[in-house]
Amino acid sequence: MAKTNKTKRPQLIKQEEQIGDIEDLFSEEDTHKIRASLLEWYDENQRDLPWRTSTKKSENGENVQEEEKRAYGVWVSEVMLQQTRVQTVIDYYNRWMLKWPTLQHLSQASLEEVNEMWAGLGYYRRARFLLEGAKMIVAEGSEFPNTVFALRKVPGIGDYTAGAIASIAFKQVVPVVDGNVVRVLARLKAISANPKDKTTVKNFWKLAAQLVDPSRPGDFNQSLMELGATLCTPLNPNCTSCPVSSQCRALHNSRNDESVMVMDYPMKVVKAKQRNDFSTVSVVEISRSQDRLQQTKSNSRVLLVKRPDEGLLAGLWEFPCVTLDEEADLSMRRKLIDQLLKKSFKLNPPKNCNVISRELVGEFVHVFSHIRRKIYVELLVLHLKGGKHVLFEEDDINATDWKLLDCEAVSRMGLTSSVRKVYSMVQKFKQDGTSNNSVPLRKRPKCS
């Protein structure tokens, strides 16, 4: 094991090592050694993952599955693996491929179906791009794109995903560069430059392109990523088990200079500070009964609203909510929700509906990649005067942007993790009769 357990201290890499030699390529000897060592290690140690089974060959050398189906599986897996752990992806991948086993099957799906299948994975634009890409390829009547140039024309496919599909599915001799590959290359070459810098990124692609094995490009690219994911990890690299440790300049430096650690490579980039915002969410139940003590899951429906088709969580379903730039008290939050319900659904108590109950359920913090959002949750139970059909059939209310569902239907929906959290809090509140912030409230009948 390399010296990776020292007390953390400021990075102390000499100025002359600040990658004046970043463009130095690997020697021919090192290139051959790295290829051979990595492929041998990968053949013996690769993880058994469902998307890899489609790339294996039978004894006579022919592909077990058709190229296009293999490419489709690689595409789905690579998109799911972006920003998501492998163990989490496995179940999602298996369910996805069971429902949509080919590109043609996926092209016939709706965005709502895809979002429901994706629920919980986060970064929902990925799912939308998969669907848009499938529809585009099928609509054009063309074969699955098999070159990086052609793949880059598909919505949501960038340089990395294009390289992965082209090399793994179509045996194109092209590189891939993701976070794992950057870490491995930075340590092999002791590159301490900012890995996010455009010039540095271009040079990582040059190094990766030099190393790609011409006879097994897909396996080699996967071996680089596998090494970064399992041995050459950010905090505790297992250098004693690394198949390319003898070619690793970072390891060499750490053994010859006490001030240097393998973990110093690549440079640690300070993440952008998350912005804070606030949201007030109202779980609105439309009840057939005017008596709060007679509320049951059979006589009430929950209002869900579809988000706009652009922006954060585009096209997904949620409860009526208002996002705030700053914290607001209970009175202001309720006023803003009332304005939203009146404007969007003509819900205007006591003119056309009665408030049976309105109670604060609790609050929690949900973290997006760039936003830390404090969410306040309330339960608002309404009884409509004149019935649902009278209220929701006005010309200026778009019926495709809302749903009224019973409790069981809401539970079956593919909701985002934050929306699911809101609904779970409300259900628990109904059962316990107390809010999550420990404000005592009287017992309420169970609705689920």
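Contact, in these legends, means heavy atoms within 4.5 Å. This is a predicted model, in which local features need pLDDT of at least 70 and side-chain atom pairs count only at pLDDT 80 or more, while totals for chains, interfaces and linings use all residues. Residues are numbered from 1 along each chain as its sequence is written, and side-chain values use heavy atoms, with hydrogens and water left out.

**Figure 1. The whole chain, to get your bearings.** You'll find 16 helices and seven strands here; helices (H or I, at least four residues) and strands (E, at least two) are DSSP runs, numbered from the N terminus. Of the chain's 448 residues, 50% are buried, where buried means under 20% relative accessible area, exposed means over 50% and partly exposed is in between (1.4 Å probe, protein chains only). Take the contacts with a separation of 6 or more: 69% of them are between residues 24 or more positions apart. The accessible surface is about 22,400 Å², and carbon and sulfur atoms hold 50% of that; areas come from the Shrake-Rupley method with a 1.4 Å probe, and for residues only the protein chains shown count as cover.

**Figure 2. Leu81 and its contacts.** Leu81 sits in helix 2 and counts as partly exposed, because its relative accessibility is 21%. Skipping neighbours within four places in sequence, Leu81 is in contact with Trp51, Val86 and Val89. Leu121 is 40 residues away along the chain, with 9.5 Å between the two C-alpha atoms.

**Figure 3. Aromatic pairs.** The structure has six of these: rings of Phe, Tyr and Trp (its six-membered ring) pair if their centres lie within 6.5 Å, and planes under 30 degrees apart count as stacked, over 60 as edge-to-face and the rest as tilted. Trp51 and Tyr93 make an edge-to-face pair, because their ring planes are at 75 degrees, with the centres 5.3 Å apart. Trp51 is in the loop between helix 1 and helix 2 (67-81) while Tyr93 is in helix 3 (residues 86-99), so this pair ties together parts 42 residues apart in sequence. Both Trp51 and Tyr93 are buried. Phe144 and Phe170 make a tilted pair, because their planes are at 35 degrees, and their ring centres are 6.3 Å apart. Phe144 lies in the loop between helix 6 (125-139) and helix 7 (148-151) and Phe170 in helix 8 (residues 159-170), so the pair ties together parts 26 residues apart in sequence. Phe144 and Phe170 are buried as well. Look for Trp75 too: ring pairs link Trp75, Phe144 and Phe170 into a cluster.

**Figure 4. Helix 1 against helix 11.** Two packed helices are described by the angle between their axes and the distance between the axes. Axes are lines fitted to C-alpha atoms, for helices over the stretch in contact, and angles run from 0 to 180 degrees between N-to-C directions. The axes of helix 1 (residues 28-45) and helix 11 (residues 217-230) come within 9 Å and cross at roughly 75 degrees. That makes the two helices, helix 1 and helix 11, roughly perpendicular; angles under 35 degrees count as roughly parallel, over 145 as roughly antiparallel, 65 to 115 as roughly perpendicular and the rest as oblique. Among the residues making the contact are Ile34, Leu38 and Trp41 of helix 1, and Phe220, Leu224 and Leu227 of helix 11. By class, the contact has eight nonpolar, four polar and three charged residues. Ala, Val, Leu, Ile, Met, Phe, Trp, Tyr, Cys and Pro count as nonpolar, Asp, Glu, Lys and Arg as charged, and the others, Gly among them, as polar.

Figure 5. The axes of helix 9 and helix 11 come within 8 Å, crossing at roughly 85 degrees, which makes helix 9 roughly perpendicular to helix 11. Asn180, Val181, Arg183 and Val184 of helix 9 meet Leu224, Met225, Leu227, Gly228 and Ala229 of helix 11. Arg183, in helix 9 (residues 179-188), counts as buried because its relative accessibility is 11%. The C-alpha atoms of Arg183 and Pro234 are separated by 7.6 Å, though the two are 51 residues apart along the chain.

**Figure 6. Helix 3 against helix 5.** Helix 3 and helix 5 (residues 111-118) pack at about 150 degrees with axes 10 Å apart, which makes helix 3 roughly antiparallel to helix 5. Tyr92, Arg95, Trp96 and Lys99 of helix 3 touch Val114, Met117 and Trp118 of helix 5.
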